[in-house]
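Hi,

Here's the structure I promised to pass on. Have a look at it first, then read my notes below.

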Amino acid sequence: MIKYCPTCNRSSEEARFIGEFCEFCVADKIKATLPKVVKVRRCRVCGSIRDTKGFTQYTDEAMADAIAQQLHAPNCKIKLKEFDEMRRIALLRIECELNEGTVRFNYEVDVRFTKEMCPSCYRKSAGYYEAIVQVRGSEHKVAGFLESFSRFLEKGNAFVSKTAEMGNGIDMYISDKKLVSGYFMLHKTIKPKVSYKLYGMKKGKKLYRHIYSVSL
Ligand SMILES: [Zn+2]
Ligand SMILES: [Zn+2]
């Protein structure tokens, strides 16, 4: 039996039906409940996006995740098809599971970005560091160490907030002391001398900077 959509009068020969209505009218009803503008938190320095996991490097998935949080459509999956950075318009592919069936449609939304800084950029700009690594030795050995150490820090998302040339080596100020100790645990042949320096309190806990003296 041919069905006719009560809203637009399309027949079931022209369009797929989801319950009583054609899929176009079902999609239109959902679209009418979605916001036209969403606010996405973005770091103005590195461009990372605040999604459900925190600030993460920009990807289409991170962007879709951040937008989905603003759409409040719990039974719908949201994919980013295209993002027009100039016009700040995101073209989304939305798929919603309803009791009567699945409906899919495209949706355009205006994106407004915040002008904030992510915690990592904030710390970098404030010269934040938890560890100092003092490397001493021949130029050749110091260079070899720096290459391997820098690669390790980069993989772990730590940063060097300052370096100082010291004549027979270099001092590096590093954002993450756990990562630094992890490096020396993996490279047991380098045996740094470690000392600790109190630099503050946070929630009643003493904060120490770790100082590693490395002779190569
Ligand atoms: Zn219809
Ligand atoms: Zn950032």
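Let's start with a cysteine: Cys5 has a relative accessibility of 1%, so it counts as buried, since the cut-off for that is under 20%. Cys22 is buried too, because its relative accessible area is 0%. Keep in mind that this is a predicted model.

Now for the disulfide. There is one in the structure, and it joins Cys76 to Cys96, with the two sulfur atoms 2.1 Å apart. In case the term is new to you, a disulfide is a covalent bond between the sulfur atoms of two cysteines. This one ties together distant parts of the chain: Cys76 sits in strand β6 and Cys96 in strand β7, 20 residues apart. Both Cys76 and Cys96 are buried. The torsion about their S-S bond is about 105°, which means the disulfide is right-handed.

Those two strands belong to an open sheet of four, ordered β3-β8-β7-β6, with mixed pairing. At the edges you'll find β3 (37-40) and β6 (76-84), each pairing on one side only. On average, neighbouring strands in this sheet are turned by 35° against each other, ignoring direction.

How do β3 and β8 (residues 101-113) run relative to one another, parallel or antiparallel? They run parallel, and four bridges join them.

Finally, the helices. Helix α1 (residues 23-33) packs on the sheet and touches β7 (89-98) and β8, its direction making about 35° with that of β8. Helix α2 (residues 60-71) lies across β3, β6, β7 and β8, and runs at about 120° to β6.

Cheers

Conventions: Residues numbered from 1 in each chain as written. Chains lettered and ligands numbered in written order. Predicted model: local features only at pLDDT ≥ 70, side-chain atom pairs only at ≥ 80, totals over all residues. Heavy atoms only, no water. Pairing = 2+ DSSP bridges. Axes fitted to C-alpha atoms, helices over the stretch in contact; angles between N-to-C directions. Contact = heavy atoms within 4.5 Å. Disulfide = S-S within 2.5 Å. Buried < 20%, exposed > 50% of the residue type's maximum accessible area, 1.4 Å probe, protein only.
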